Amino acid sequence: PGAARREVIGRGFFQAEDGIRDSWASRGLGDVYKRQDDMLETMYAAPGIGLAAIQVGVPKKVIVIDLSKEEKKNPLYFVNPKIIIRSKNNSTYEEGCLSVPGQFAEVDRPNQCHIKYLDYNGQNKELKAEGLLATCIQHEMDHLEGILFIDYLSKLKKNFIVKKLSKRKKALERIVV
Ligand code: K1U
Ligand code: ZN
């Protein structure tokens, strides 16, 4: 309730609505709940399995993730996440990105990461993540630093994707309704 969808930059458009929550408010951070709710709603609508605040134009260190496949949702919220330890072993996943629509590529990343963060309610938490969750956390944290998964690809592959997207953008601009 009260959650609103926002625009994922470079993708779709979702209407924002107002809503009020009051817990972070006691620390003068009342908008944090609203931001987290909006981000989750936006991620589900996309659909995606993760979203970083910067993807909806908010330069804050907030990410949301939900890897659950069934009806039962399992939202994870990370505020000010910090990686303490990365494993030496890597794993490879085919990654996509809501900011690089329709493009997928295999990316190698540390298979495990141990992070510190504040949860939905602003409590200090630690998490040892592995597999897809570790990949997703690292993908979202990269967004906070301005890094996209295509930055890990060869120049050739990256240029191919960038050119494809810019052609599609030009084609869309030519459509007059
Ligand atoms: O950060 C983002 O842009 C979201 C991205 C997260 C991600 C996907 C794959 C590996 C690492 C990080 C996405 O969610 S892309 C869409 C996607 O993967 C998906 C969407 C619906 C169902 C299942 C997957
Ligand atoms: Zn992404």
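I call a residue buried when its relative accessible area is under 20%, exposed when over 50%, and partly exposed in between (1.4 Å probe, protein chains only). By that rule, Cys97 and His139 are both buried.

**Entry: ground rules.** This is a predicted model, where local features need pLDDT of at least 70 and side-chain atom pairs count only at pLDDT 80 or more, while totals for chains, interfaces and linings use all residues. Residues are numbered from 1 along each chain as its sequence is written, and side-chain values use heavy atoms, with hydrogens and water left out.

Entry: I looked up the donors (N, O and S atoms within 2.8 Å of the metal, or 3.2 Å for Na, K and Ca; water is not among the atoms, so sites may look incomplete). For the zinc ion (ligand 2) I found Cys97 (SG), His139 (NE2) and His143 (NE2) at 2.0 to 2.3 Å. Cys97 sits in the loop between strand 4 (90–95) and strand 5 (105–110), and His139, 42 residues away, is in helix 2 (residues 131–144). Helices (H or I, at least four residues) and strands (E, at least two) are DSSP runs, numbered from the N terminus.

**Entry: helix 2.** I counted 12 buried residues among the 14 of helix 2; His143 and Cys136 are among them. Just after helix 2, Gly146 has a positive phi of about 80°.

**Entry: cysteines.** How many disulfides are there in the whole structure? My search found zero disulfides (pairs of cysteine sulfur atoms within 2.5 Å). Cys136 has its closest cysteine sulfur in Cys97, but the two are 10 Å apart, so they are too far for a bond. Cys136 is buried because its relative accessibility is 6%.

Conventions
Chains are lettered from A and ligands numbered from 1 in the order in which they are written.
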